[in-house]
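User: Please take a close look at a single part of this structure. I would like to know how it is built into its surroundings.

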Amino acid sequence: MSSLFDLSGKIALVTGASRGIGKALAVGLAEHGADVVLVARTKEALDRTAVEVEAHGRRTWVKPFDLAHVPQIPEFYRSVVEETGGVDILVNVAGIQRRALALDLTLEDWNEVLELNLSAVFVLCQAFARERIGSGKPGRIINIGSLMCEGHRPTTVAYTASKGGIRQLTKALAVEWARYDIRVNAVAPGYIATEMTQPLRDNPELDDWVRRRAPMGRWGEPRELVGAVVFLASEASSYVTGHILYVDGGWLANL
Ligand code: GCO
């Protein structure tokens, strides 16, 4: 079988790895051969993810850390490199949602969303790239975007702005770091059944809207993002950088 998608011998770091999309991606990367550094705020939840990753015969490092503490990210990342010897694949999943109409959103909520969803991603990418360039090794970054990279649903203004930022940050870093063999891409999910979207699934009107708007007529599952991430993390995407890969059930294709 082709080794094009094989991640054996690679170490991936996944943020938001305690649940939802991050947990599914950590397990999926392990299924394709990667050892995985698991990052989220709570050790207990990460330990549960570690059990599922290790069931695939892969190694894990459980690294509880609150990425909202952006100035401490470089020091945290140095500890990861010391323990692992270096990370090959960085998957930025961690993100929060604060729902309010733009007229009502507080500056505190705006700053909290932009800090974690965008500033933390930039600083972690910077730490990753500095180590890769210093060690002369290639790197693969996959940022998790959203349909909000392209459009907006009322009540998610900070999240939309942050994901628009992820879209352009992905392209900017791809352009600047291609020369170092660091490829930077994004996977942009449609409406996926996670804790973040639970309030929408609990609302019959919004749940029906999603099911009618997506040509595939259903919510996506976190595991349905694994293939796109493995593609962008592996040699299968060797000439792909700066790309936003939508996994959205046909949402954006639908007028
Ligand atoms: C919302 C949702 C969306 C989804 C996702 C769609 O309130 O509309 O939270 O933002 O999470 O980003 O791609």
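Analyst: Start with Asp 181, which is partly exposed at 37% relative accessibility. The scale is as follows: buried is under 20% relative accessible area, exposed is over 50%, and partly exposed is in between, with a 1.4 Å probe and protein chains only. Asp 181 sits in the loop between helix 5 and strand 6. Helices (H or I, at least four residues) and strands (E, at least two) are DSSP runs numbered from the N terminus. The phi of Asp 181 is near 60°, a positive value in a residue other than glycine. Most residues other than glycine have a negative phi.

A word on the basis. This is a predicted model, in which local features need pLDDT of at least 70 and side-chain atom pairs count only at pLDDT 80 or more, while totals for chains, interfaces and linings use all residues. Residues are numbered from 1 along each chain as its sequence is written, and side-chain values use heavy atoms, with hydrogens and water left out.

Now the part to look at: strand 5. Six of the six residues of strand 5 (residues 139–144) are buried, so the strand is largely enclosed by the rest of the structure. Side chains in a regular strand alternate between the two faces of the sheet. In strand 5 both faces are covered. Gly 139, Ile 141 and Asn 143 are buried on one side. Arg 140, Ile 142 and Ile 144 are buried on the other.

Which strands pair with strand 5? Strand 4 (residues 89–92) does, in the parallel sense over four bridges. Two strands pair if DSSP finds at least two bridges between them. Here Asn 92 stands opposite Asn 143 of strand 5. Strand 6 (residues 182–189) also pairs with strand 5, again in the parallel sense, over six bridges. Gly 139 stands opposite Ile 182 of strand 6. From strand 5 the chain passes through helix 5 (residues 157–177) to strand 6, and this β-α-β crossover is right-handed. Right-handed has this meaning: with the strands pointing away from the viewer, the path from the first strand over the helix to the second runs clockwise. Strand 4, helix 4 (residues 107–135) and strand 5 also make a right-handed β-α-β unit.

Next, the loop that leaves strand 5. Thr 155 is in the loop between strand 5 and helix 5. Its phi is positive, about 95°, although Thr 155 is not a glycine. Thr 155 is partly exposed, at 22% relative accessibility. Thr 160 lies in helix 5. That residue is buried, at 14%.

Seven strands form an open sheet in the order 3-2-1-4-5-6-7, with parallel pairing. Strand 3 (60–64) and strand 7 (244–247) are the edge strands, each pairing on one side only. On average, neighbouring strands of this sheet are turned by 15° against each other, direction ignored. Those angles, on a range from 0 to 180 degrees, are taken between N-to-C directions of lines fitted to C-alpha atoms.

Val 39 stands opposite Lys 63 of strand 3. Strand 2, helix 2 (residues 43–54) and strand 3 make a right-handed β-α-β unit.

Finally, the ligand. Of the 14 residues around it, Arg 99, Ser 146, Arg 153, Pro 189 and Tyr 191 come nearest. Near means that a heavy atom of the residue lies within 4 Å. A side-chain N or O atom of Arg 99 is 2.8 Å from an oxygen atom of the ligand. For Ser 146, the distance from a side-chain N or O atom to a ligand oxygen is 2.6 Å. Arg 153 has a polar side-chain atom 2.6 Å from an oxygen atom of the ligand. Taken alone, the ligand exposes 330 Å², and the protein buries 97% of that. These areas come from the Shrake-Rupley method with a 1.4 Å probe.

Methods:
Polar contact = N/O pair within 3.5 Å; in protein donor to acceptor, adjacent residues only side chain to side chain.
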